[in-house]
Amino acid sequence: MKQSLFAFIKSLRQFLENKLNQYNTTLPYVITVIIALVIVVGGINLFVELTDTLKTEMLANYDTAITDYVISHRTPTLTAYFKFMTNVGDTYGYLIVLTIFLLISLLVFKRWKYVVQATLVLALATISNMMLKRFIDRARPGIEHLVSVETLSYPSGHAMSAMAFYGFLIFLVLKFKIQKTFKYLLVLLLTVLILSIGISRIYLGVHFPSDIAGGFIAGFIWVVFCVLVFDLIQLFRRDPKT
């Protein structure tokens, strides 16, 4: 098995060395495709493994311990903050952010395709989340809810959408040619936003920590998959013979 694996890697390396020399302009896309596929497959496997452990006692103990720790820090100030964060990760929050992003894209970057791409990533995450919730059918935590909820629990829609949408914005920010300090500040802000939205659902008592983990994993898979597709589309547009 080990020798077969090494032989496969060696043959793949030789194949790439022979083929990529004639595709210098497409090399970044080829590398992106390979890395993205590895991440997507690994992410799907991780999500499936987590889903398979939802009814185990070990995961239940972790969920309880983390939830108890988070809600033990409830204060009026933190409650107001996390309620605000959970609203940012809801429908109206995304509409506001998308509107701001649309204005920035049109006025600064003179392109609207980034808004279309971000909206598509968000839509895919939202639709797939609804399907996963119905298929897995996990009930909400039986503790006090500080906000009203109507849907099922796993995976968290807020966590999944936040990772997909704001995670894709992080990819765009890293891609844009802007001042480095400003770029890193934006990445930090978006990262804090994603984490805050996820933690808010535990803090408010409406999700298990494993719901948030599952949502983050699934959302990240959509980010990587969509980046892969968008890069391939751009590649074929540049060279239809590729």
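Predicted model: local features only at pLDDT ≥ 70, side-chain atom pairs only at ≥ 80, totals over all residues.
Modeller: Local features require pLDDT of at least 70 and side-chain atom pairs pLDDT 80 or more, while totals for chains, interfaces and linings use all residues. Residues are numbered from 1 along each chain, and side-chain values use heavy atoms, without hydrogens and water.

Biologist: Why are α7 and α8 called roughly antiparallel?

Modeller: The axes of α7 (residues 157-175) and α8 (residues 180-203) cross at roughly 175 degrees and come within 9 Å. Angles over 145 degrees count as roughly antiparallel, and α7 and α8 are therefore given that description. Axes here are lines fitted to C-alpha atoms over the stretch in contact, with angles from 0 to 180 degrees between N-to-C directions. Helices are DSSP runs (H or I, at least four residues).

Biologist: Which residues in α7 and α8 meet?

Modeller: Those in α7 include His-158, Tyr-166 and Leu-174, and those in α8 include Lys-183, Leu-190 and Arg-201. Contact means heavy atoms within 4.5 Å. By class, the contact of α7 with α8 has 13 nonpolar, 3 polar and 2 charged residues.

Biologist: What makes Asp-137 count as exposed?

Modeller: Exposed means over 50% relative accessible area, with a 1.4 Å probe and protein chains only. Asp-137 has 52% relative accessibility and therefore counts as exposed. Asp-137 lies in the loop between α6 and α7, and its phi is near 60 degrees, a positive value in a residue other than glycine.

Biologist: How do you know that the peptide bond from Tyr-154 to Pro-155 deserves attention?

Modeller: Most peptide bonds are trans. The bond from Tyr-154 to Pro-155 is cis, with omega near -10 degrees, and Pro-155 is found in the loop between α6 (113-136) and α7.

Conventions
Helix = DSSP H or I, 4+ residues; strand = E, 2+ residues; numbered from the N terminus. Parallel < 35°, antiparallel > 145°, perpendicular 65-115°, else oblique. Nonpolar A, V, L, I, M, F, W, Y, C, P; charged D, E, K, R; others polar. Buried < 20%, exposed > 50% of the residue type's maximum accessible area, 1.4 Å probe, protein only.
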